[in-house]
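Visitor: I would like to learn how to read a model of this kind, one feature at a time. Could you take me through it, giving the general idea before each case?

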Amino acid sequence: SRYPLYTQQSLQGGSRGGETSASKVTIGLMEVRGADRYVLSAHCNFDQDMANLIHLAFGAARYDPKGLDELVRNLDAQVAGTAAYSLDVLVTVLRFYQLSLQTADKEVIAKALLKALMQMPKPDYKICIHLLPEKLVAEEPVSSVVLLAQHLESCKLRDFWAATNSCKDALSKVPGFYDAIRSYVLHSIGITFQKVSLRVLGDWLRLEGQSLQQLVAEKEKNAGWRVQGDVITLPLNQFNTAVQVKRTQDLIGFDSVAPILKHAATTA
C-alpha cells in the first residue's frame, strides 16, 4: 500500500533583529510492505503558508472542518491565477463537502470543477466529479459545468460553445478558461486529423477573423502547420497516422494434406 508522507519540523534561526522561525516540510509518498516502509519520493518546502496548506491537504487535519476556509481561499487563489494549481487542494475541499453536504458551497464546487476541466486531457475533472453525490451534481451551477464537461469529453464542440452562453457568470470568475479549452481542442485535433479546413477549425475553436489568422500564423511558425488556401495540413504523429497492416497469405500445399486425406479415406 502507498500513503502520503508528511512530516513537519520547526526550525529556529538567529539574526541581528532577533530569532526567526520557519517550518521544514517533507511531503512525498511512502510505500508499506508488511513491517517495512520505503520512502519513494519527497521534497522540502520552508514556507509556513505552504506548510499549513500541505498539512491540511495531506496531514491529519485534512478531515478537520476548521481548515476548510483556508483551503477554499487557496482554491480561489488558484482560480485567480495567484497560486499554483494543486489537484490535492481541490480534492480535499470536495471531500469535505462529500462528508458534510450541509456545508457544501455550490459556487466553490463549480469553480473547482472548472479549474479541473482546464487541465484536460489530464484526468483531474474525472477525479473531482466522482467525489460529488448526485444531489449536488444535479443543482446549479454545478449541473451547467457538468454539461460543459460532457460536451467537451465527447468532442461535441458546437454544443460546448453554445452551452457556455448559459453559464457566462460562472466562467467570468475563472480567468484563462477559454484559452485552456482551446489548447485542449487543438491537442485533440492534432492527434485525430491530418488536415482540417480553416472554417471548421474556426467553428471548433470559436474564433474568427484576425484572432483565427493570428493563431494559424503562430502554429505555422512554431508547430509545423502548413496552410494551402483554406486547408491546413497538420504534422503527422503516431496518433493521426493510419496503421499499415501487412497481409500475408500462408499457402498449404496438397502434399501437406495428402496423408490426412488418405487416412480419412481408408477409415471411412
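Visitor: Which residues in the largest nonpolar core touch the most other members?

Guide: Before the case itself, a word on what is being read: this is a predicted model, in which local features need pLDDT of at least 70 and side-chain atom pairs count only at pLDDT 80 or more, while totals for chains, interfaces and linings use all residues. Residues are numbered from 1 along each chain as its sequence is written, and side-chain values use heavy atoms, with hydrogens and water left out. A nonpolar core is a set of buried Ala, Val, Leu, Ile, Met, Phe, Trp, Tyr and Cys residues joined through side-chain atoms within 4.5 Å. Buried here means under 20% relative accessible area, exposed means over 50%, and partly exposed lies in between, using a 1.4 Å probe and protein chains only. In this structure the largest such core has 63 residues, and those touching the most other members are V93, Y97, I109, L113, L152, F177 and L201. Helix α4, residues 106-117, gives the most to this core, with eight residues.

Visitor: How many helices and strands are there in the protein chain?

Guide: Helices (H or I, at least four residues) and strands (E, at least two) are DSSP runs, numbered from the N terminus. The protein chain has 13 helices and six strands, and buried residues make up 37% of its 268 residues.

Visitor: What does helix α7 pack against, through its buried residues?

Guide: The expected span of a helix is 1.5 Å times one less than its number of residues; α7, residues 142-153, has twelve residues and reaches 16 Å from its first C-alpha to its last, close to the 16 Å expected. Its buried residues are V142, S144, V145, V146, L148, A149, H151 and L152. With contact taken as heavy atoms within 4.5 Å, these buried residues pack against α4, α5 (124-129), α6 (134-137), α8 (157-164), α9 (168-172) and α10 (177-190).

Visitor: What is phi at C155?

Guide: Phi of C155 is near 60 degrees, a positive value in a residue other than glycine, and C155 sits in the loop between α7 and α8. R206 likewise has a positive phi, of about 55 degrees, although it is not a glycine; R206 lies in the loop between α11 and α12 (209-222), and counts as partly exposed at 38% relative accessibility.

Visitor: Is C155 buried or partly exposed, and how many disulfides are counted?

Guide: C155 is partly exposed, with a relative accessible area of 47%, whereas C167 is buried at 9%. A disulfide is a pair of cysteine sulfur atoms within 2.5 Å, and by this rule the count comes to zero.

Visitor: In what order do the strands of the open sheet come?

Guide: Two strands pair if DSSP finds at least two bridges between them. Three strands form an open sheet in the order β4-β6-β5, with antiparallel pairing; the edge strands, each pairing on one side only, are β4 (195-197) and β5 (226-228). Three bridges join β4 to β6, residues 231-233, and V196 stands opposite I232 in β6.

Visitor: Which helix lies across β4 and β6?

Guide: Axes are lines fitted to C-alpha atoms, for helices over the stretch in contact, and angles run from 0 to 180 degrees between N-to-C directions. Helix α11, residues 198-205, lies across β4 and β6, running at about 80 degrees to β4. Leaving aside neighbours within four places in sequence, L201 is in contact with L186, I189, V196, L212, V216, W225 and I232.

Visitor: Which residues does G190 touch, not counting those up to four places away in sequence?

Guide: G190, found in helix α10, touches L234, N237 and N240 on that count. The C-alpha atoms of G190 and N237 are separated by 8.4 Å, although the two residues are 47 residues apart along the chain.
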